[in-house]
Amino acid sequence: MEPVLSLHNVSKIYQEGRHEVIAVDNASLEVYPGEVILILGPSGSGKTTLLSIMGCLLSPSRGEVRVDGRDVSGLSDGELSSLRSRQIGFVFQSFNLLDFLSVHKNVEVALNLANIGGRAAREHATRILEQVQLGHRMDFLPKRLSGGEKQRVSVARALATNPRLLLADEPTGNLDSATGRIVIELLTGLARQQGSAVVIVTHDPRIMDIADRVFYLEDGRLSEGARMPAQDVSSRAFVTQ
Amino acid sequence: MISIAREILLHDKVRLGITIVSLAFAIVMIVYNLGMFFGTLSESVSLIDHARADLWVLEEGHRDIYSPSLLSLSTLRWARRAPGVVQACGLNLLGGNLLIQNNHPVMVVAVDPDCALLQPWGVRLGDASDLRRKDAIIVDDYTLRSDPTYLGDTVELNGLEMQVVAVTHNNKSFTTPYVYVSRQTFASLNGGEEHFNYVMVQLAPMTNPEDTIHRLASDNDDLAAFLSGEFRSASMLALVSQGLGVIFVVVAVGVVVGLLIITMTTYTATMERLRDFAILKAIGATRRKILGIGVEQAAAETLLGFGAGLAASLGLNYIVETFAGLRGSFPAVAILGALAILLALAMLGSLISVRKAVSVDPTVVFRA
């Protein structure tokens with residue numbers, strides 16, 4: 001089976017004055033369809049940079065990134081945008097909903113960007129919002145929603161185009177633990193249903209049990225960790241291989 | 001497809017309202033002043049437009065209605081005898097410090113009541129042919145707006161008492177109304193001298209006006225003749241060079257103010273929405289799509305502002321015309337031209353801010 005996402009010896013180096021800052025150091029990773037990957041790491045470990053590279057929002061200084069077998073290094077801005085709109089879904093810590101659009105239109109706009117318009121887009125947006133139990137909030141503006149509802153809209157938007165890869169950045173970061181749990185289960189459940197691969201970047205070890213594989217990121221270095229059994233989540237233990 | 005530009009604009013209706021009002025203000029500066037400019041130009045040559053002359057004869061060196069000639073009776077006679085001429089009439093215009101009722105400035109038009117080439121137009125009361133009567137005068141209703149004039153009233157012009165035999169509407173050169181007198185009455189006003197400022201010539205159909213112009217030039221070294229269209233254009237040009245060009249400066253200021261408003265509004269709106277543009281980029285919007293949103297936003301604001309500004313300009317024109325008698329002219333070509341130029345300028349102006357949105361780093365979406 002071909003990986004949906006593969007990173008091969010990827011590094012990202014920033015120049016700050018005369019000093020080089022290595023945000024991601026020689027990271028390698030393969031993510032397969034239907035798989036849920038968790039990347040744990042403290043603040044400043046390079047999680048956001050790594051996620052930006054995975055989401056084709058940032059080019060690596062070194063190494064190779066392949067999405068669905070395609071090397072993304074030579075792609076134009078238009079091709080990368082097209083790749084993001086059709087193949088990659090994003091869920092953010094701060095939800096990043098467009099505050100001037102209703103809940104329904106927030107989802108519909110993602111479909112529009114993937115060149116799905118008109119009635120098909122409207123109906124599909126309605127369907128996916130019903131799947132995340134927001135059928136009764138479709139005409140609301142995001143400011144009228146609770147944090148959990150906002151994140152569910154974000155999940156609906158990310159999954160609306162049936163992407164091959166879903167990237168989630170601290171999806172539970174702004175939610176209480178119960179709501180966070182509901183959202184993360186919804187997210188992974190729907191993604192698995194669609195056969196999408198999921199990469200969740202977080203510093204919250206409470207959600208480790210939902211992952212098929214767990215990675216740890218420290219000082220830009222990525223290493224695969226042992227999966228914790230579901231019943232041990234409360235221990236928040238983490239063991240690197 | 002959802003129009004993101006429209007959604008952004010309609011989301012904040014107060015901001016949209018303020019933008020439209022600001023733009024409308026700038027558009028009024030442009031459109032109303034242009035309207036006044038065209039209105040002034042048009043009224044400044046209203047005599048030429050209402051005359052049925054094909055040619056205007058003037059002294060050599062004179063070429064517009066603002067530089068009156070001193071033509072003798074022999075010039076009129078020559079014109080009447082020239083081949084192809086159906087009719088020729090003399091015309092005098094006397095302005096300067098002439099006051100009617102010792103208070104209201106007027107321009108006196110001395111016409112031959114039997115000449116069909118130029119007669120008062122827009123006669124509201126009375127009969128223009130009564131100008132043949134001794135000491136008769138035709139006044140415009142603009143002349144004595146605050147002091148209504150009726151048929152049969154006696155008015156004083158340059159010390160002479162005259163009787164109003166007709167009242168016209170909108171016979172004026174911008175703010176100076178015309179009063180009409182016969183040539184005989186004009187002689188009394190002018191100390192009895194028999195001369196003309198212009199000779200109007202009507203040619204028979206199929207007569208080549210160039211032949212008449214050449215014949216005039218060869219027979220009279222000191223005279224020149226112009227086609228009516230040339231005379232009209234030269235008169236407009238003279239008016240512009242005499243100071244009407246100032247309106248151009250006002251219009252230019254309006255364009256700059258309008259452009260600044262569009263640019264500042266679009267810039268502020270874009271900067272406030274920079275994170276939204278980053279979100280859109282992250283979820284798959286191309287740079288072209290972002291550019292399109294910015295341009296559509298600026299175009300929509302400009303069109304709405306232009307519509308409101310045009311309506312306000314026409315309203316202002318109606319008010320000014322009603323209370324001050326100053327009428328603007330709003331030719332469709334000029335309005336469409338102004339709209340096209342403004343749209344183009346708005347697009348250019350919006351590019352400054354849209355460039356920011358296009359080049360926004362989409363990774364900011366990961367920052368809380």
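Author: In this predicted model, the largest cavity is lined by A:Arg84, A:Ser85, A:Ile88, A:Gly89, A:Phe90, A:Ala110, A:Arg157, A:Ala158, A:Thr161 and B:Ile283. The space inside this cavity comes to about 80 Å³.

Three elements of chain A, namely α2 (77-87), β6 (88-91) and α5 (147-159), each give at least two residues to the lining of the largest cavity. The largest share, three residues, is that of β6(A). Sorted by class, the lining of the largest cavity holds five nonpolar, three polar and two charged residues.

The structure has three cavities of 30 Å³ or more. Two helices of chain B, α2 (13-44) and α10 (332-358), each supply two or more of the residues that line the second largest cavity. The largest share of that lining, four residues, belongs to α2(B). By class, the second largest cavity is lined by eight nonpolar and two polar residues, with no charged ones.

In soluble globular proteins, nonpolar side chains tend to be buried together. Here the largest nonpolar core has 59 residues, and the members that touch the most others are A:Ile39, A:Leu50, A:Met54 and B:Leu280. Helix α8 of chain B (residues 274-282) provides the largest share of this core, five residues. Apart from neighbours within four places in sequence, B:Leu280 has contacts in both chains: A:Leu98 and A:Leu113 in chain A, and B:Ile4, B:Ala285, B:Ile290 and B:Ile293 in chain B.

Last, the layout of chain B. The domain assignment divides chain B into domain 1 (4-44 + 240-366) and domain 2 (50-228). The centres of domain 1 and domain 2 of chain B, taken over C-alpha atoms, are 45 Å apart. Where these two domains of chain B meet, 10 residues of domain 1 are in contact with 10 residues of domain 2.

Technical notes
Residues numbered from 1 in each chain as written. Chains lettered and ligands numbered in written order. Predicted model: local features only at pLDDT ≥ 70, side-chain atom pairs only at ≥ 80, totals over all residues. Heavy atoms only, no water. Core = buried A, V, L, I, M, F, W, Y, C linked by side-chain atoms within 4.5 Å. Buried < 20%, exposed > 50% of the residue type's maximum accessible area, 1.4 Å probe, protein only. Contact = heavy atoms within 4.5 Å. 1 Å grid on protein atoms, 1.4 Å probe; cavity = no way out; pocket = protein on both sides within 12 Å on 5 of 7 lines; lining within 4 Å. Points joined across faces, edges and corners; volume = space filled by probe spheres on them. Nonpolar A, V, L, I, M, F, W, Y, C, P; charged D, E, K, R; others polar. Domains from an automatic or database assignment.
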